[in-house]
Amino acid sequence: MCGVVGIVGHSDVNLELYDALTMLQHRGQDAAGIMTCHNGRIAQQKANGLVRDVFRSRHMQRLVGNFGIGHVRYPTAGSSGPALAQPFYVNSPYGIGLAHNGNLTNTAAVAEMLYKTDLRHVNTDSDTEVLLNVFAHELQKLGKLVPTAEDIFSAVASVHKRVKGGYAVVALIANYGLVAFRDPNGIRPLVYGQLSTDKGTAHMVASESVAFNVNGYQLVRDVAPGEALFITSDGELFAKQCAEQTKLRPCIFEHVYFARPDSIMDGVSVYKARLRQGERLAAKIVRERPDHDIHVVIPIPDSSRVAGQMVAQNLGVKFREGLVKNRYIGRTFIMPGQQQRKKSVRQKLNAIELEFKGKNVLLVDDSIVRGTTCQQIIQMARDAGANKVYFASASPAVKYPNVYGIDMPSANELIAHGRTEAEICQEIGADWLIYQDIDDLIAASMDGNPDIEQYEAAVFTGEYVTGDVDQQYLDNLDAARNDHSKAMNLISSDEEALIGIHNESDASHYA
């Protein structure tokens, strides 16, 4: 999962891009980048690390221009390393920078065509570079010295025909402006906002609406599935539907885990969706154990807190913050390597003994993926003196890998894959385990916007909405995403950094 932002203003947008990326930091902690344009000259700064570590005053001083794009990354397709930080850039045609959130499911086939037919060289294993070169090639085929909005929309339409998967894209075209578009299924989120100034209207697109608030922008609407926006460097807005067949099928896991609760996506408040998740989970607990002996509900911070509050309220039991989070440790979901994840859980959370000692505790989490985190937290609860430890997941069992931009592990590393609920309960060491039902999870989000007919929920159901994911694809994905493969990629990226392939400490990065 990644975060993207693009801004067209009336003065330098570098600080606004920086602030927006800090609000999207939860979507990616592997790398960050900003690219701006001034008088046809593109400047960029990108590197591995958090936003606050990648950008310094000297970088902001040269990131000038009234329009630009930004990105925060964690790796899904491709390995991790400095050379894979976004945005990516090609100098022909016009000079184009591009960043995206999501994952293409036909990357290999498109990359081969780029080489054999389009005569374009792809230098990394990133699907973002593939996407950029497809867009650039389709623009170049038009042969225009000065592209119009219709030319850009025609290129985006061709991109939709050539690539498959989930993607939300922001692109910068030197001298001309900002382009943003979303996949025909609307799997990955993309929202549009405006800010009225004394110089006119400023425009912003971003992965989540929280990026608007810090800069004073107002949410206008979501970018529709298959739609493209083109905002000229002078601030003129054009919009057009560029896909032949579209249907809004957003990723349900955004509401479960990734998005901030203060975001609004496709007309749905993530906060309210998580409240409804808690209500429905509590109702299931009452159905299955009307005579439950739960003394206290404790959420596993942070994304399960809202659902946990509603579970406690609807069960009529106490809600307590029994686990203290170290805010300087990254999301363990994202970390490669099982041993590193195990160590990080203990570094990340600490139990308040008085909230556990002698009590029957219901721990609430947003989901269970590998089982590493919940297994250790259950043990922490027992070590703190809990009498019984029950565990509730606000989402159903995660049984299948995600192929649209969430770095779920290979199927064999998912604790629910091939196991019964009882077996999972025994594996994580709980006295009782309860999962949210898939229909209840979908309803919790759909209640916020009844116009959404379907959600992308393949991690729970195994049904991939793009229709091009078969067992061979999943086998290849397994080979790329298992822990051994990630360990090799980590070593490779460390070696790359040591030999200085992509020296991001240089103060003069111009694309």
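Me: To start, how many of the residues of β8 are buried?
Reply: In β8, 6 of 6 residues are buried, where buried means under 20% relative accessible area with a 1.4 Å probe, protein chains only. Strands here are DSSP E runs of at least two residues and helices are H or I runs of at least four, numbered from the N terminus. This is a predicted model, in which local features need pLDDT of at least 70 and side-chain atom pairs count only at pLDDT 80 or more, while totals for chains, interfaces and linings use all residues. Residues are numbered from 1 along each chain, and side-chain values use heavy atoms, without hydrogens and water.

Me: What stands opposite Val170, and what opposite Gly177?
Reply: Val170 faces Ala180 in β8. Gly177 has Thr232 in β12 opposite.

Me: And the turn between β7 and β8, which residue there has a positive phi?
Reply: Asn175, at about 80°; the hairpin has 3 residues between the strands.

Me: Switching to the core. Which residues have the most contacts inside the largest nonpolar one?
Reply: Ile96, Leu131, Phe135, Val163, Val179 and Phe181, in a core of 33 residues. Such a core is a set of buried Ala, Val, Leu, Ile, Met, Phe, Trp, Tyr and Cys residues joined through side-chain atoms within 4.5 Å. Elements giving two or more residues to this core include α5 (127-142), β8 (177-182) and β12 (227-232).

Me: How many residues are in the second, separate core?
Reply: 32, among them Tyr257 and Met408.

Notes:
Buried means under 20% relative accessible area, exposed over 50%, partly exposed in between (1.4 Å probe, protein chains only). Two strands pair if DSSP finds at least two bridges between them.
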